[in-house]
Amino acid sequence: MANNAEDVENNMESNEVPEPSQQPPEATVIRPQSTGGSGAGEVGGGGSGGGSGGGGGGDGSTGPEQNGQPPTARPPRVVETEEDEDEELTLKYGAKHVIMLFVPVTLCMVVVVATIKSVSFYTQKDGQRLIYTPFPEDTETVAQRALNSILNAIIMITVIIVMTLVLVLLYKYRCYKVIQGWLFLSSLHLLFFFSYIYLQEVFKTYNVAMDYFTLAVIIWNFGVVGMICIHWKGPLRLQQAYLIMISALMALVFIKYLPEWTAWLILAVISVYDLLAVLCPKGPLRILVETAQERNEPIFPALIYSSTMVWLVNMADTDRPKRNSTEAASPQQESQEAVAPPAPSSPSQDDGGFTPLWVSHQEHQLGPLQTTEESRREIQQMPSARPPLDDDDEERGVKLGLGDFIFYSMLVGKASATASGDWNTTLACFVAILIGLCLTLLLLAIFKKALPALPISIFFGLVFYFATDNLVQPFMDKLALYQFYI
């Protein structure tokens with residue numbers, strides 16, 4: 001009987017027929033974090049103590065002697081292929097994420113710069129200031145102006161820190177209704193009041209006649225659709241467009257009502273604060289992100305621009321508990337499932353000719369079937385018939401805070417407003433921000449954790465602004481004055 005078993009098994013290995021008892025289709029685990037996990041997610045059958053999930057069947061220990069074969073040591077798994085695939089995924093999705101963020105950031109900055117260049121309302125200095133910047137900059141001495149700008153920046157940053165801490169505490173203690181109400185009122189203010197001011201000034205600039213009733217209908221439709229898309233459901237592109245518009249409106253408010261020196265100082269200080277808040281162990285933004293990850297909850301979409309859809313309603317994933325319960329199966333259950341004849345649940349699941357009758361006949365003659373290294377490798381190399389998970393792209397979606405959009409656009413808009421109408425300075429700041437964003441995404445692909453998006457981009461933007469405005473532009477003016485071309 002043992003010789004007969006050896007002959008049958010040798011014939012099966014020579015014909016390279018995969019074993020039918022690897023695992024029923026329900027137990028295959030595919031993780032969205034790495035596409036190389038579909039093959040490694042299959043569980044090694046038999047009594048070898050294979051682990052569920054990404055282990056790929058066993059820890060290299062030897063099993064008991066069965067089918068007349070002595071126990072053999074299992075060679076270590078080769079992980080170079082998975083590492084290569086991870087590197088390819090990093091490069092692929094890194095480039096994809098760069099494109100995903102370049103487009104909205106560019107659109108937001110273009111809207112701000114176009115408004116600054118065409119609508120004079122946002123560049124006029126009428127003496128009005130925000131309540132957070134009470135000290136004026138139109139002083140007699142430079143020292144007094146510098147001191148007032150420092151005091152204004154300190155007050156502004158203090159307000160930002162306090163608001164951030166309040167938000168983190170509310171989220172930590174699950175005061176979701178308060179946060180939603182806070183964000184709801186903020187969005188309501190931006191989409192209705194600030195949009196009304198923006199449209200009014202645009203119509204004045206281009207001399208467009210419109211009655212108040214029509215304007216009210218336009219604002220009502222614009223605001224209601226925006227509130228639905230941001231705080232409930234809506235098309236992805238429409239939600240992204242509203243988030244970009246909100247960021248542009250907020251940046252225009254800062255450009256108009258923040259004094260010049262105070263604005264530049266706030267940009268520098270907010271970059272340092274963003275670096276500390278995200279990377280420090282007790283930083284408020286890091287606590288917020290870690291708390292959201294621990295609870296497996298998305299951060300509120302009114303605060304985050306996402307390249308994929310994020311909804312706050314009906315977010316329960318019905319497939320995830322099944323996946324978790326499958327991963328938590330014990331080795332005994334796995335061996336029982338591997339021995340049990342597979343029962344196809346639908347006609348689309350092909351059994352490859354290994355019908356339950358054939359399996360029961362082989363088990364009657366040979367006993368419980370055992371897997372081999374060749375059969376496992378053959379099955380792992382076969383393309384998976386399971387369709388890809390729908391949440392793969394959602395898990396890989398890149399996210400950027402709306403505050404980053406606001407301060408990026410504020411820097412470019414301020415450069416466009418204060419650089420005497422010079423396009424060289426504006427374009428230099430625009431390119432500097434995109435370069436900094438690209439480097440930030442590169443570091444994100446390397447470290448694979450949440451990173452601040454402001455420091456590198458704002459640093460490059462400030463350096464390019466002052467260098468271009470004070471060095472390049474005078475040099476270009478001198479060349480144009482003497483008609484000397486390089």
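The model is predicted, so local features need pLDDT of at least 70 and side-chain atom pairs pLDDT 80 or more, while totals for chains, interfaces and linings use all residues. Residues are numbered from 1 along each chain as its sequence is written, and side-chain values use heavy atoms, without hydrogens and water.

Start with the rings. The whole structure holds 12 aromatic pairs (ring centres of Phe, Tyr or the six-membered ring of Trp within 6.5 Å; planes under 30 degrees apart are stacked, over 60 edge-to-face, the rest tilted). Phe121 and Tyr122 pair edge-to-face, at 5.1 Å centre to centre and 80 degrees between the planes. Phe121 counts as buried because its relative accessible area is 18% (buried is under 20%, exposed over 50%, partly exposed in between; 1.4 Å probe, protein chains only). Tyr122 is buried at 6%. Together with Tyr198, Phe121 and Tyr122 form one aromatic cluster.

Tyr305 and Phe405 form a tilted pair, 5.2 Å centre to centre with 55 degrees between the planes. This pair links strand β1 (residues 304–306) to helix α15 (residues 402–418), 100 residues apart. Helices (H or I, at least four residues) and strands (E, at least two) are DSSP runs, numbered from the N terminus. Tyr305 is buried at 4%; Phe405 is buried at 1%.

Asp274 lies in helix α8 (residues 260–279). Its contacts (heavy atoms within 4.5 Å) include Leu285, Asp404 and Pro452, not counting residues up to four places away in sequence.

Finally, helix α16 (residues 423–447) carries Leu443. Leu443 is partly exposed because its relative accessibility is 32%.
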